[in-house]
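Reader: I'd like to go through this model and ask what stands behind the labels. Can we take it piece by piece?

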Amino acid sequence: MNEIVSDKSWILLERCPIQNEHDIVKARQVVRQFGKEAGMGIVDQTRITTAVSELFRNMFLYAGGGEVLVEKGIVDERNTLIVTCIDQGPGIANIELAMTDGYTSGGGMGYGLPGSKRLVDRFEIYSQVNKGTTIRVMKWK
Amino acid sequence: MDFNEKRIPIIKIRDYLIVSIQVDMHDRLALQLQTQILEEIYRTGAKGVLIDISTLEMVDSFIGRVLSGMASMAAIMDAAVVIVGMQPAVAITLVELGLEMPGVDTALNMELGMEMLEKRLNKA
């Protein structure tokens, strides 16, 4: 598992704090809006919005909140919307397990992380126990 | 106290409750709606609930779970739930997400949903 690195050429579109449930709604609307502006079709807009909704909820429930960066840039020669979720929560001890369908550590259904991964074009995760977790998802236009 | 808190209205027509979700729900609001609907079933003796989600732009695993949970709970209270008007993009995403909603009846629109409930009640 490698640390998540950003590309300097990416453009920051918006920075959203996740502190409460209203922030989750607001942030996923921001992501949808930028997906729409990037020219994504309705299905892809819905995919990325749903994927990040799962991630935002995890940040809120398990890490007490965090910060979301919405960026756009060129990745593998494609126009890409990039959403990075950063928290200083407890971290994920066993990422492989957390990425398994049906596995849940809390009250969820266990579709959060693996489901989110299926809905995006690229999914990166970096986590350190007791330090925090960073998850980045990308969707091509 | 959160003054921005909206309640989703529940309308009773004959034996049915009609709920139209027109806001992007946060988790607590979804849970509150679940409780509200069950209380209304108890209070009014409604036999069916139609939940219109045609303006919902996404259903993630939590909202999906609340909707299917609501259907099972209502069934125990002898009321049938039909979810109507799911957008195609939402249906595609739900399946890709891996979420199945066992025991949840769906209809394309309110009218078909109502027919579905009527058929079921007449059979009983």
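Predicted model: local features only at pLDDT ≥ 70, side-chain atom pairs only at ≥ 80, totals over all residues.

Reader: What makes the 58 residues a nonpolar core?

Author: To belong, a residue has to be buried, be of a type such as Val, Ile or Phe, and be joined to the set through C-beta atoms within 7 Å. The largest such set has 58 residues, and A:F56, A:V83, B:V49, B:I51 and B:V81 have the most contacts inside it. Helix α2 (residues 42-63) of chain A gives the most to this core, namely 7 residues. In general, nonpolar side chains tend to be buried together in soluble globular proteins.

Reader: Which residues is B:I51 in contact with, leaving aside its neighbours within four places in sequence?

Author: With those neighbours set aside, the list is B:V19, B:I21, B:V81, B:I83 and B:V84. B:I83 in β4(B) is also the residue that B:I51 stands opposite.

Reader: How do you know that β3 and β4 of chain B pair?

Author: Pairing takes at least two bridges. Strand β3 (residues 48-52) and strand β4 (residues 80-84) of chain B have 5 bridges, in the parallel sense, so by that cut-off they pair. Across β3 and β4 of chain B lies α2(B), running at about 155 degrees to β4(B).

Reader: Why are β1 (10-13) and β5 (105-107) of chain B said to stand at the edges?

Author: The open sheet has 5 strands in the order β1-β2-β3-β4-β5 (chain B), with mixed pairing. β1 and β5 each have a single partner strand, so one side of each is left without a neighbour in the sheet. From one strand to the next, the twist averages 25 degrees.

Reader: And where the chains touch, how many residues are in contact?

Author: 24 residues of chain A are in contact with 18 residues of chain B. On the chain A side, α1 (21-37), α2 and α4 are the elements that give two or more residues, and α2(A) has the largest share with 9 residues. By class, that side has 8 nonpolar, 9 polar and 7 charged residues.

Definitions and conventions:
Residues numbered from 1 in each chain as written. Chains lettered and ligands numbered in written order. Buried ≥ 20, exposed ≤ 12 C-beta atoms within 10 Å, placed from the backbone. Helix = DSSP H or I, 4+ residues; strand = E, 2+ residues; numbered from the N terminus. Contact = placed C-beta atoms within 7 Å. Axes fitted to C-alpha atoms, helices over the stretch in contact; angles between N-to-C directions. Nonpolar A, V, L, I, M, F, W, Y, C, P; charged D, E, K, R; others polar.
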